[in-house]
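Open the model in your viewer and keep the selection panel at hand.

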Amino acid sequence: RTRTFSGVKPTGHLTLGNYLGAVRQWVEVDQHRSDALFSVVDLHALTVEHDPARVRRLSRQAATLLLAAGLDPALCTVYVQSHVDEHARLSYLLECTATDGELRRMIQYKEKSVRAREAGEGVRLSLLTYPVLMAADILAYATDEVPVGEDQRQHVELARDLAVRFNQRYGHTFTVPRATHPAVAARVMDLQDPTSKMGKSHENGSGIVYLLDEPGVTRKKVMRAVTDSGTDVVYDREARPGIANLLDVLAAATGREPEKLAGEYDSYGALKRDTAEAVVELLRPVRERHAELAADPGYVDRVLREGAERARGMARPVVDRAYRAIGLMPAA
Ligand code: TYM
């Protein structure tokens with residue numbers, strides 16, 4: 001069976017981008033047809049200025065939301081990254097195979113290090129090594145497929161490169177993974193700035209639909225989406241990024257094709273209204289289930305405890321093999 005691994009970082013509240021770009025595929029496809037692990041990757045939330053209490057709270061919320069969205073612990077493994085030591089153990093070995101130049105080329109490093117400097121904060125070393133930890137997340141489980149949004153493409157490429165390099169130098173140890181992306185909405189854009197990604201750590205939340213937003217709030221955000229000049233509805237991501245983004249979201253929410261949908265609208269207002277309703281209905285069951293699960297923290301704790309145990313059992317043999325292969329002396 002195919003092994004699948006993916007993760008979500010508890011740096012902010014989960015967004016419609018996370019849902020359409022990743023989580024929905026995990027729920028609808030990956031957990032059914034593969035041996036899948038999904039992790040709240042909390043170690044990754046420490047690479048920029050962070051508030052410990054907030055990270056702790058958001059980690060629990062993210063885990064609860066993954067279950068609310070429909071990940072089923074009877075079908076897949078859901079756990080918190082820091083509960084499994086193998087990630088950090090393997091990350092160090094991979095740091096000994098990656099180069100400084102390779103990591104400085106990463107787009108997200110370039111963007112986020114500039115932002116940290118502008119904010120007068122130091123650039124944490126972990127921001128540079130972040131993709132190595134991500135490679136460790138993936139490689140520790142002998143992962144074949146990594147279902148992610150478009151923005152993670154370069155990071156998964158690095159994981160592939162590191163796996164191939166390690167195998168060549170130290171003998172076959174790692175499965176070489178590949179990224180998979182949803183057919184539509186692999187890159188949901190900010191509603192207020194449709195040339196940049198809808199991201200949970202964005203400063204201004206008015207262009208971001210959060211999974212836990214009240215329906216009224218979601219409607220307002222979609223209705224106020226920035227649209228392009230022009231009035232006819234055409235699907236053109238370059239020339240009409242705002243309208244194309246709404247069409248992508250509506251297509252993803254309704255299982256239709258954005259180009260086809262474009263032909264059915266002759267005003268921006270109608271497109272926005274239908275998109276707002278489709279998003280509200282798409283997220284309604286997730287919100288409702290989240291409220292139920294949040295009232296039962298014991299259940300979530302139990303799922304995460306069992307998940308971590310299973311994950312540990314899968315990762316340990318792979319990471320132990322890597323320790324031997326790279327030349328570390330086995331303990332007597
Ligand atoms: P993160 O937490 O930023 O996002 C979680 C998932 O959501 C996708 N995503 C989007 N998809 C479409 N449109 C958007 N606007 C959008 N925003 C986010 C992301 O592509 C991702 O799939 N580095 C990763 C977390 C990670 C990981 C891993 C993923 C750590 N280790 C190992 C896969 C495998 C991240 O920051 O995702």
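This is a predicted model: local features need pLDDT of at least 70, side-chain atom pairs count only at pLDDT 80 or more; totals for chains, interfaces and linings use all residues.

Residues are numbered from 1 along each chain as its sequence is written.

Now colour by element (DSSP runs numbered from the N terminus: helices are H or I, at least four residues; strands are E, at least two).

Next, colour by class. Ala, Val, Leu, Ile, Met, Phe, Trp, Tyr, Cys and Pro count as nonpolar; Asp, Glu, Lys and Arg as charged; the others, Gly among them, as polar.

**Two domains**

Select domain 1 (3-181 + 296-326), then domain 2 (205-291). These bounds come from an automatic or database domain assignment. The C-alpha centres of the two domains lie 29 Å apart. Ten residues from domain 1 and eleven from domain 2 make the contact (C-beta atoms, placed from the backbone, within 7 Å). On the domain 1 side, helix 1 and helix 2 (52-68) are the elements that give two or more residues. That side of domain 1 holds seven nonpolar, three polar and no charged residues.

**Core**

A residue is buried if 20 or more other C-beta atoms lie within 10 Å of its own, exposed if 12 or fewer, and partly exposed in between. A nonpolar core joins buried Ala, Val, Leu, Ile, Met, Phe, Trp, Tyr and Cys residues through C-beta atoms within 7 Å. The largest one has 93 residues. Leu 66, Val 78, Ala 135 and Val 279 touch the most other members. Domain 1 and domain 2 each supply at least three residues of this core.

Centre on Leu 66. Leaving out residues up to four places away in sequence, Leu 66 touches Val 23, Phe 38, Leu 71 and Val 78.

**Two loop alanines**

Most residues other than glycine have a negative phi. Go to Ala 142, in the loop between helix 6 and strand 4 (145-147). Its phi is positive, near 50°. Then find Ala 185, between strand 5 (178-180) and helix 8 (215-223). Ala 185 also has a positive phi, about 65°.

Which of these counts as buried? Ala 185 does, because it has 25 C-beta neighbours inside 10 Å. Ala 142 is partly exposed, with 19 other C-beta atoms within 10 Å.

Conventions. Two residues are in contact if their C-beta atoms, placed from the backbone, lie within 7 Å.
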